[in-house]
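Subject: Structure handover

Hello,

Here is the structure for your files, with notes on what was found in it below. Please read the notes with the model open.

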Amino acid sequence: MSQEQPQRPQQEPIKYGDVFNVSDELASKPITPKEAAMMQATENQALGATQKGGPAAVMQSAAAVNVTAGLINRDEISDVARDQGMSVSETKVGNNRVITECVGREVVGQFVEPNIPMENPGSALDGDAVTIGEALEASALTSAGDKPLEMSDAAAIQAAEMRATGKNETEAGGLGAIAQSAATKNTRTLPFTQKTTLSDVLTDAREKLLSDKVVTKEDAEGVIGAEIRNKPNMRTTPGGVAASVAAAATHNQNK
């Protein structure tokens, strides 16, 4: 008598809820190439380019996996995307821009960008320019400085360190490595008072960096991308690393 072969679990497509912090209406919808293309076009129209590590980039990667695995058809599109569309809105807060990206009515990303015209060169700086180390120290003094350091903070600090040193890797024992170690430790079940805070790591950041440089728009964009890629809701932390570096870039260019 023949035995039935065990059924292999059915692979499911990557859905919005797998990569974004959204409600059930959108969370259960697979991410499709058409929707990824819609978000990319919306970002390009609103921002002039696709945001590195932003919602459109995440959607493109997810859609490619879904199609390659044969889990969806290229022409599929969800009713949310078809009926409600995509949007990228901008709000000016102080000297920075807050960018909010939505699929339908659901926010899939929100981050701060320095309010610097694209045509302005990043090198147009003077002696009063804020450095990356100074921007990191400024973050330690905000309300965000008191929160436990998270993986997204560590990623942003590592990106800032690499921009400061000009290297493509973090320094052993350097600021980025310290941040990564602290964030990893914080993921364990520890009393709140025993967790390492952002200010614990970023106080005296200039002394912990092997080299430093003035902040440019390109530096800010790199740090913003690193932070939002490592946050489930893809939002920068108010007063956090990305926000402080963005503020420094705006200050430098305005000078």
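**The core**

The largest nonpolar core in this predicted model has 59 residues, and those with the most contacts inside it are Tyr16, Leu136, Leu149, Ile157, Leu202 and Val241. A nonpolar core here is a set of buried Ala, Val, Leu, Ile, Met, Phe, Trp, Tyr and Cys residues joined through side-chain atoms within 4.5 Å. Helix 7 (residues 151-165) gives the largest share of this core, 7 residues. Helices (H or I, at least four residues) and strands (E, at least two) are DSSP runs, numbered from the N terminus.

Leu136 touches Ala160, Leu175, Leu202, Ala205, Val241 and Val245, leaving out residues up to four places away in sequence. Contact means heavy atoms within 4.5 Å.

**How to read the values**

Residues are numbered from 1 along each chain as its sequence is written, and side-chain values use heavy atoms, with hydrogens and water left out. Because the model is predicted, local features need pLDDT of at least 70 and side-chain atom pairs count only at pLDDT 80 or more, while totals for chains, interfaces and linings use all residues.

**The chain as a whole**

The protein chain has 12 helices and 3 strands. Of its 255 residues, 47% are buried; buried means under 20% relative accessible area, exposed over 50%, and partly exposed in between (1.4 Å probe, protein chains only). Among contacts between residues at least 6 apart in sequence, 68% join residues at least 24 apart. The accessible surface comes to about 13,000 Å², and carbon and sulfur atoms account for 48% of that surface. Accessible areas come from the Shrake-Rupley method with a 1.4 Å probe; for residues, only the protein chains shown count as cover.

**Salt bridges**

Side chains of opposite charge can pair when their charged atoms come close. The structure holds 12 salt bridges, a salt bridge being a side-chain nitrogen of Lys or Arg within 4 Å of a carboxyl oxygen of Asp or Glu.

Arg163 and Asp219 form one of them, at 2.7 Å from N to O. This pair links distant parts of the chain, with Arg163 in helix 7 and Asp219 in helix 11 (residues 217-229), 56 residues apart. Asp219 is buried at 1% relative accessibility, whereas Arg163 is partly exposed at 32%. Asp219 also forms a salt bridge with Lys213, where the closest N and O atoms are 2.5 Å apart. Lys213 counts as partly exposed, at 27% relative accessibility.

Arg82 and Asp83 meet in a salt bridge as well, at 3.3 Å from N to O. Arg82 is exposed, with 52% relative accessibility, and Asp83 is exposed, with a relative accessible area of 57%.

**Glu113**

Glu113 lies in strand 3 (residues 106-114). Is Glu113 buried or exposed? Glu113 is buried, with a relative accessible area of 5%. Beyond the residues up to four places away in sequence, Glu113 touches Gln51, Asn96, Arg97, Ile99, Ile224 and Ala246. One of these residues, Arg97, is 16 residues from Glu113 along the chain, and the C-alpha atoms of the two are separated by 5.2 Å.

**Loop residues**

Asp204 has a positive phi of about 60° although it is not a glycine. Asp204 sits in the loop between helix 9 (198-202) and helix 10 (205-208), and is partly exposed at 41% relative accessibility.

Met234 is not a glycine either, and its phi is positive, near 50°. Met234 is in the loop between helix 11 and helix 12 (241-254) and is buried, with a relative accessible area of 3%.

Thr236 is also found in the loop between helix 11 and helix 12. Thr236 is buried, with a relative accessible area of 10%. Apart from neighbours within four places in sequence, Thr236 is in contact with Gln110, Phe111, Val112, Ile224, Glu227, Ile228, Lys231 and Ala242.

Regards
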